[in-house]
Amino acid sequence: MKLNFCSLSSGSSGNCYYLGNEFHGILIDAGISATAIRKFLKNLDISMQSIMGVLITHNHIDHIKGLEVLTRRNSIPAFTTQKIWKSILGPQKRISSDCIREIPLKQKFHLAGFDIEAFPVCHDAPETVGFHICAGDKKITVATDLGHICQTAAPYIKAANLLVIESNYDEQMLVNGEYPYYLKARIKSDHGHLGNHQASAFLADNISDNLSHICLAHLSKNNNTPEMVLKTLQKTFSERGIVLNGHPRISILNRNMPTNMIRLIE
């Protein structure tokens, strides 16, 4: 069985991720335009007809921008919790009821050959979830918007073979930057975003042989750089005496374009 993962876009301008096997695929979030999603998938030689659904983490625009058009034009079902659906749907949202799928928290459901479980994370939306996805013996966890890693989310993150985790801001860049105080406070709060220092410390404390790929996601345009992410990660690991030697593989996900395909199973 083949199993491939690719980030189509990751950042405050839009988030969308692809996971697929040789038969079908799914998207996690649709925060870029439906046109961009179709274009990127076509460039990756992935047919829209193979996409069996899109999983939605929360209602912020950088996660649902393309959802309405994507579902309407392609009849793709979208999966999220009842509370998140209530926060998304309104007079301006013309998402067909045929495409709406409500899912419970912390209960597995099956889609496109994957066993999927939504788990709650701490973020400043009416409700926000991460997704833990199992394909055979491979486990993929996506947690891209969270102010801190709570006790509920931690086991799903620790269990991953491929982990997509937020590393949104460098603390000094944020503190010294031009954002107003209220926005800095919001980003740094327990319901804001995960900083480089937090993500790196958690990874260093919980590194295991089962973790084959770390994808650092949702980098801030104004308060972070790929170089700062790697510098913080390397410094944190070095301080704990951890030597990676290429395992796990580290990827910094691009803000506006697809990353190279990660092949979990060839």
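**Words and cut-offs**

Modeller: The protein chain has nine helices and 14 strands. Helices (H or I, at least four residues) and strands (E, at least two) are DSSP runs, numbered from the N terminus. This is a predicted model, in which local features need pLDDT of at least 70 and side-chain atom pairs count only at pLDDT 80 or more, while totals for chains, interfaces and linings use all residues. Residues are numbered from 1 along each chain as its sequence is written, and side-chain values use heavy atoms, with hydrogens and water left out.

Biologist: What makes E6 and E14 edge strands?

Modeller: Two strands pair if DSSP finds at least two bridges between them. The open sheet has the order E6-E5-E4-E3-E2-E1-E14, with mixed pairing. Strand E6 (100-102) and strand E14 (262-265) each have a single partner strand, so one side of each lacks a neighbour in the sheet. The twist averages 25° from one strand to the next.

Biologist: How do you know that E1 and E14 pair?

Modeller: Strand E1 (residues 3-9) and E14 share three bridges, in the antiparallel sense, and the cut-off is at least two. In E14, isoleucine 265 is the bridge partner of leucine 3.

Biologist: What does helix H1 touch on that sheet?

Modeller: Helix H1 (residues 34-43) packs on the sheet and touches E1, strand E2 (16-21), strand E3 (25-28) and strand E4 (51-55). Contact means heavy atoms within 4.5 Å.

Biologist: Why is H1 called roughly perpendicular to H3?

Modeller: Two packed helices are described by the angle between their axes and the distance between the axes. Axes are lines fitted to C-alpha atoms, for helices over the stretch in contact, and angles run from 0 to 180 degrees between N-to-C directions. H1 and helix H3 (residues 67-74) pack at about 65°, with axes 8 Å apart. Angles under 35 degrees count as roughly parallel, over 145 as roughly antiparallel, 65 to 115 as roughly perpendicular and the rest as oblique. H1 is therefore roughly perpendicular to H3. Ala34, Ile37 and Arg38 of H1 meet Val69, Leu70, Arg73 and Asn74 of H3.

Biologist: Why does threonine 236 count as buried?

Modeller: Buried means under 20% relative accessible area, exposed over 50%, partly exposed in between (1.4 Å probe, protein chains only). Threonine 236 has 10% relative accessibility, so this residue counts as buried. Threonine 236 sits in helix H9 (residues 226-239). Apart from neighbours within four places in sequence, its contacts are Ser200, Ala201 and Ala204. Of the 266 residues of the protein chain, 54% count as buried; in H3, Leu67, Glu68, Leu70 and Thr71 are buried.
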